[in-house]
Amino acid sequence: MHNAGSVPEGRERLEEVLRNCEQAITQGSGHPEAYNGRGNALQDLGRFDEAVASYDKAIALKPGYAHAYSNRGNALKALNRFEEAIESYGKAIALKPDYAGAYNNRGTVLKALQRFDEALESYEKAIALMPDRAELYSNRGNALQGLRRFDEAIASYEAAIALKARHAEAYNNRGVALRELKRFDEAMTSFDKAIAPKRDYAEAIWNKALLHLLTGRFDLGWRGYEARKDKKEPVGNRAFAKPLWLADADISGKTILVHWEQGLGDVIQFCRYIRLLEDAGARVIFAVQETLRTLMSGLDAKARIVDIDDPALVFDFHCPLMSLPLAFRTDLATIPNARYLCADEKKMAAWERRLGKTSKPRIGVVWSGRAVPDPSRSMELERFSRLFDPRFEFISLQKEVRDTDRAWLEQGPVVHFGSALEDFSDTAALCCLMDIVVSIDTSVAHLAGALGVPVWVLLPWSSDWRWMLDRDDSPWYPSMRLFRQQARGDWDGVLRRVARELESLFG
């Protein structure tokens with residue numbers, strides 16, 4: 001494994017290392033080690049395509065060069081060419097079966113692909129070869145978390161900590177696993193221990209903030225939530241020539257750019273704050289994802305909806321959308337929770353004609369989210385189908401479905417429109433034509449709540465921070481009811497309760 005730490009830090013020094021390698025190559029030494037070193041320097045400079053080419057030359061000169069194959073895998077991983085990276089690590093391991101670093105790096109790529117079983121196997125092999133490396137146990141814990149084997153994950157993190165007492169990453173990951181088990185005090189202690197040796201550890205600060213928000217400590221939560229801007233994969237940190245606004249300047253008569261971040265559901269949930277900016281006298285330009293732009297014309301504000309990449313934008317201040325709760329010092333008592341979105345009337349009329357008349361209650365449904373399903377926010381349509389009582393008419397409110405669900409759709413218990421839902425303005429119109437919406441935790445649940453449509457949200461045993469703890473209502477959406485799993489993975493119990501409530505409501 002190429003270790004970036006072995007290369008002297010500082011761009012100038014890296015450029016010097018690169019020049020030395022290239023000089024050795026130019027002088028005709030023909031050593032594969034020179035090409036490998038050149039690849040390492042290029043990789044540390046972020047020139048990953050060139051690094052891959054250099055490793056290829058090293059391998060051409062020395063086909064059995066295991067380290068070059070492993071380093072090549074690292075560069076391919078940085079380019080998100082994951083399958084090629086896995087193949088390159090595999091060749092390194094075939095040449096050097098005791099190559100712990102290659103097993104570890106292959107595990108990391110497999111985990112990124114959510115192939116957690118394979119990742120775990122790779123980490124286990126690395127640990128068997130190097131049982132005194134704390135990082136390997138922490139990585140194994142991450143794979144176990146992906147498999148939702150949280151107790152085992154915690155044990156693995158604790159093995160890492162036993163080997164390296166101030167292992168900040170292991171403490172942070174341990175805190176996440178403890179939070180999943182609802183061992184909140186222990187989770188908070190673990191995050192604190194992660195931060196103690198690494199005061200600017202954004203991932204741990206952010207995870208601690210999520211726990212504060214989950215448990216209703218909004219004052220601490222919103223402040224810590226700003227750490228998302230400094231994570232390894234930062235969000236909400238776009239740079240502009242104009243200053244960031246966090247309620248530290250008078251915005252009356254000023255123009256503020258509010259820019260989207262994170263997922264569609266986050267934008268739908270927090271666009272409610274645009275009205276508060278206008279109430280403070282600001283002119284607002286609001287940059288949102290393309291699929292939400294038509295929907296946002298129904299926002300209860302006069303904001304101009306724009307493209308974030310428009311070079312002609314002129315403004316005095318900017319603020320990422322999810323920093324607005326901090327700016328307005330939101331607590332449970334001051335959440336702006338009045339209905340704030342309206343569906344387009346013409347689209348509603350068009351969808352009403354398409355639906356036709358019915359004598360049955362209409363129930364809009366969403367049973368899965370992303371293309372790569374999250375088991376805590378998704379279920380198979382076959383399981384969800386226990387709700388499909390013939391006394392009701394069920395309308396799919398999701399655009400995409402997994403291949404495994406298509407056969408159930410073809411049986412006809414759900415009306416599915418698929419690509420006819422061009423964007424979220426169509427989904428909003430359909431929501432408003434439903435008697436009730438039943439959804440897992442997706443953007444459609446937020447959309448229905450923002451529209452003031454009755455919506456029942458099905459939540460996993462350990463749910464996202466915004467749904468808080470134990471309550472069956474939401475302070476964010478007055479029209480919403482929450483149905484929580486009573487045991488981890490028990491969707492059947494949730495569905496039984498929803499079926500009884502539907503019968504009680506409409507029976």
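Guide: Let's start with helix α7 (residues 116–129) and helix α8 (residues 134–146), whose axes come within 9 Å and cross at roughly 160 degrees. Helices here are DSSP runs of H or I with at least four residues, strands are runs of E with at least two, and both are numbered from the N terminus. The axes are lines fitted to C-alpha atoms, for helices over the stretch in contact, with angles running from 0 to 180 degrees between N-to-C directions. That angle is why α7 and α8 are roughly antiparallel; the label takes over 145 degrees, while under 35 counts as roughly parallel, 65 to 115 as roughly perpendicular and the rest as oblique. The crossing of α7 and α8 is left-handed, as it is when the near helix is turned anticlockwise from the far one by less than a right angle (clockwise would be right-handed).

Who touches whom? On the α7 side, the contact residues are Phe 116, Ala 119, Leu 120, Tyr 123, Glu 124, Ala 126 and Ile 127, and α8 brings Leu 136, Tyr 137, Asn 139, Arg 140, Ala 143, Leu 144 and Gly 146. Contact means heavy atoms within 4.5 Å. Sorted by class, that makes 10 nonpolar, two polar and two charged residues (Ala, Val, Leu, Ile, Met, Phe, Trp, Tyr, Cys and Pro are nonpolar, Asp, Glu, Lys and Arg charged, and the others, Gly among them, polar).

Now for another partner of α8. Helix α10 (residues 168–180) packs against α8 at an angle of about 20 degrees, with the axes 10 Å apart, so α8 and α10 are roughly parallel. The crossing of α8 and α10 is also left-handed. Here Ser 138, Asn 142 and Gln 145 of α8 meet Glu 169, Ala 170, Asn 173, Val 176 and Ala 177 of α10. That contact has three nonpolar residues, four polar and one charged.

Stepping back, the protein chain has 22 helices and 11 strands. Its C-alpha trace spans about 80 × 55 × 45 Å along the principal axes. Among contacts between residues at least 6 apart in sequence, 63% join residues at least 24 apart.

A word on reading all this: it's a predicted model, so local features need pLDDT of at least 70 and side-chain atom pairs 80 or more, while totals for chains, interfaces and linings use all residues. Residues are numbered from 1 along each chain as its sequence is written, and side-chain values use heavy atoms, with hydrogens and water left out.
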